[in-house]
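Hello,

Here is the structure I promised to pass on. Please open it first, then read my notes below.

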Amino acid sequence: RKALAIAPDLPQAHNNLGSVLLDSGDLEGAIACFGEATRRVPDYVEARVNLADALNRAGRADQARTHCERALRQAPGFDRAHAVMGQLLGSLGDDGAATRHFREACRLAPDSVDYLYSLGSSLQAERHWDEALAVFERVLSLDADYGYALSGALLLAKATASWARLDALSARFADGVRRGLPGLTPFIYLAEPDATGADQLA
């Protein structure tokens with residue numbers, strides 16, 4: 001805000017303020033800032049993708065799609081644009097197209113655990129469970145404490161009868177519960193035979 005008071009025409013400052021507001025949950029404030037950044041510099045791809053992300057989080061997926069498509073025309077190799085497009089297509093129920101964009105995001109940034117997790121979740125939504133499980137395990141190989149991927153892997157190991165994987169995943173999940181690891185899905189734990197009532201409550 002101080003930067004904008006000094007230089008109100010600075011598009012980067014509008015974009016950066018929008019990012020802070022987005023992280024703090026002020027979606028409309030973020031949308032206004034990203035919109036101002038793109039108004040001042042129409043080919044500011046990063047700000048346009050941020051605008052699409054904020055619009056999608058605000059439940060305005062159709063508007064978000066217009067901005068994301070424009071960003072991808074301008075910068076087809078921008079990994080985050082593909083990831084945001086995947087998120088909004090998933091929110092519109094087009095899981096197949098979402099998966100294609102997540103695959104491209106992962107191709108462009110193969111070690112991004114967030115992109116990989118999104119790909120796994122999209123594959124799970126398409127009921128490609130074996131591949132989704134493999135992707136979640138790839139996430140865990142990069143970040144052993146990625147709780148959402150651990151939850152997904154444990155669920156899919158049961159769904160696909162992958163018994164050889166199950167004991168290790170169950171043990172990791174139980175350890176994560178005891179360590180307060182974020183991202184663990186509580187209802188999966190209800191089906192764990194060795195979980196105590198205290199563990200389930202935690």
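Leaving aside its neighbours within four places in sequence, which residues is L88 in contact with? They are N56, A61, A64, R65 and C68. Contact here means heavy atoms within 4.5 Å.

**How to read the values**

This is a predicted model, where local features need pLDDT of at least 70 and side-chain atom pairs count only at pLDDT 80 or more, while totals for chains, interfaces and linings use all residues. Residues are numbered from 1 along each chain as its sequence is written, and side-chain values use heavy atoms, with hydrogens and water left out.

**The whole protein**

The protein has 13 helices and 0 strands. Helices (H or I, at least four residues) and strands (E, at least two) are DSSP runs, numbered from the N terminus. The C-alpha atoms fill a box of roughly 60 × 35 × 25 Å, taken along the principal axes.

Of the 202 residues, 45% are buried. Buried means under 20% relative accessible area, exposed means over 50%, and partly exposed lies in between (1.4 Å probe, protein chains only). Now take the contacts with a separation of 6 or more: residues 24 or more positions apart account for 45% of them.

**Back to L88**

L88 lies in helix 6, which covers residues 79-91. Is L88 buried or exposed? L88 counts as buried because its relative accessible area is 0%. L88 also belongs to the largest nonpolar core, which has 59 residues. Such a core is a set of buried Ala, Val, Leu, Ile, Met, Phe, Trp, Tyr and Cys residues joined through side-chain atoms within 4.5 Å. L88, L140, L150, L169 and F173 touch the most other members.

**The largest pocket**

The largest pocket has a volume of about 200 Å³. How is a pocket found? Rolling a probe the size of a water molecule over the atoms shows where empty space is left. The search uses a 1 Å grid over the protein atoms alone; a cavity is a set of points where a 1.4 Å probe fits but cannot get out, and a pocket is an open set with protein on both sides within 12 Å along at least five of seven lines. Lining residues have an atom within 4 Å of a point. Grid points are joined across faces, edges and corners, and the volume is the space filled by probe spheres set on the points.

Which residues line this pocket? They are D53, R57, R80, A83, V84, Q87, D114, Y115, Y117, S118 and Y146. Helix 4 (45-57), helix 6 and helix 8 (113-125) each supply at least two residues of the lining. By class, the lining has 5 nonpolar, 2 polar and 4 charged residues. Ala, Val, Leu, Ile, Met, Phe, Trp, Tyr, Cys and Pro count as nonpolar; Asp, Glu, Lys and Arg count as charged; the others, Gly among them, count as polar.

Look at D53 in that lining. D53 sits in helix 4. D53 touches L22, R80 and V84, not counting residues up to four places away in sequence.

**Salt bridges**

A salt bridge is a side-chain nitrogen of Lys or Arg within 4 Å of a carboxyl oxygen of Asp or Glu. By this rule the count comes to 15.

- R57 and D53: the closest N and O atoms are 3.1 Å apart. The two residues are 4 apart in helix 4, so about one helical turn separates them. R57 is partly exposed, at 48% relative accessibility, whereas D53 is buried, at 11%.
- R39 and E36: the closest N and O atoms are 2.7 Å apart. Both residues lie in helix 3 (residues 27-40), 3 residues apart, about one turn of the helix. R39 is exposed, at 54%, and E36 is partly exposed, at 21%.
- R179 and D175: the closest N and O atoms are 2.8 Å apart. Both residues lie in helix 11 (residues 163-179), 4 residues apart. R179 is partly exposed, at 47%, and D175 is partly exposed, at 38%.

There is also a network of salt bridges. It links D9, E36, R39 and R40.

Best wishes
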